[in-house]
Amino acid sequence: MSPDRFRRRTGYVLNMYPRLSETFVVNEILALETAGEELDIFSLNLPVDGRFHESLADVRALVTYLPSHVSSTGLWDVLRHGLDTLPRLSVDLSEIVRLPVTEAACAIQLAVAVRDLGISHLHAHFASSAADVARAAAHLNGITYSFTAHAEDIDRPFAGHSADRVEFRRRLADASAVVTVSDYNLSRLRGMYDAAAARAIRIYNGLDLDRYPFTSPRERPPTVAAVGPLEETKGFTYLVDAISLLVRQGRDVRLDVVGDGGQEQDLRAQVTALGLDDHVRFLGAQPQRRVRETVRGAAALAAPCVVGVDGNRDGMPTVLLEAMALGTPCVSTPVGGIQEAVRHRETGLLVPEADPLVLAAALVPLLDDADLRCRLAANARDLVEREFDVRRNTERLRGLFAHPAASREPAVV
């Protein structure tokens, strides 16, 4: 291994860090650091979550919070300082003036930090403001940048204005590498952006499997776990309806819901209206340790994801991978890249979107048939170990950071 690999320094650029719902980001950062990557983290916004996962304490990288609001007058001050520090700023000013004021200020301040810290590559998670800021800061320093595009990044430009699609194409065009987290996303990227996305590659999000030890699901109480933000795309309203159907069949089933969000009051009202207060528990947002306990103690995990009215959808919820690693059988829907992990009757069960009747019917064998639970769980764990090990997948990402020119040929990693 070349000594140059140890001198490389990478800056991670995020819209907000940390976020309770973005465990995949922390998993990736920890795996990179374990592998020897020197990282600095830059966040465009201060965190708003009241709780954070305990694994954050293991992250060594320092976090710099870039300005979340800058006035036009403030931008002039940032520009003056940048002109004194960044020789390329006067030449590449066009990269800055195209950005909104606050993003422009963030880009200049990030560019100064890149120069001061000796950062050689920038990587943005999410192809939005974070990618635009990373792109501009990289240009100002003559270094490479890359980004990870998630499902919402790919869909958002086509739900908005044509100008959004132009901007996305520009991000694709000069990134040294573009990563997305499922084959489904990769196919959509290439279908929407043709040659501009030819160099995009797929690297799955991964888990630190040491944190998710497998246990047999043979002896589990009749409990269904559901984990995630309480929002439309999670499909929890259909899950509550499915639980109601099971209760009306005389089943002593319980649903544990982990998470909070905008639909919480509506879901609570739905539970009460259906007479399910003794069967459904809302546990709120929980740290990773408590999430693992809830999932590990359930006979099944339900993730009945749906495509939102605005076209937004999940790519591949991390909690599905966590449940599969822990030995909890999953039932989900073929939304986004979910079926790449939950393979029907092989590693889990798939049901149509927004169909409580079929969802309830799928939960019955998971609650009743211990042999089925064990078979699906064993297959799921095998798949997670093969495809979703964060150490293995992050090594592929490190290869892109170390040799950005290697991404110039189309490939699937």
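**A strand and its neighbours**

Author: Ala225 has Leu301 as its bridge partner in S11. This is a predicted model, in which local features need pLDDT of at least 70, side-chain atom pairs count only at pLDDT 80 or more, and totals for chains, interfaces and linings use all residues. Residues are numbered from 1 along each chain as its sequence is written, and side-chain values use heavy atoms, with hydrogens and water left out.

Reader: How many bridges join S11 to strand S12 (residues 330-332)?

Author: Strands are DSSP runs of E with at least two residues, and helices are runs of H or I with at least four, numbered from the N terminus; two strands pair if DSSP finds at least two bridges between them. S11 and S12 run parallel, and Ala303 stands opposite Ser332 in S12. The number of bridges joining S11 to S12 is three.

Reader: Which residues of strand S11 (residues 300-303) are buried on its two sides?

Author: In a regular strand the side chains alternate between the two faces of the sheet. Buried means under 20% relative accessible area, against over 50% for exposed and in between for partly exposed (1.4 Å probe, protein chains only). Both faces of S11 are covered, with Ala300 and Ala302 buried on one side and, on the other, Leu301 and Ala303.

Reader: Is Glu22 buried or exposed?

Author: Glu22 is found in the loop between strand S1 (9-16) and helix H2 (23-34). With a relative accessible area of 11%, Glu22 is buried.
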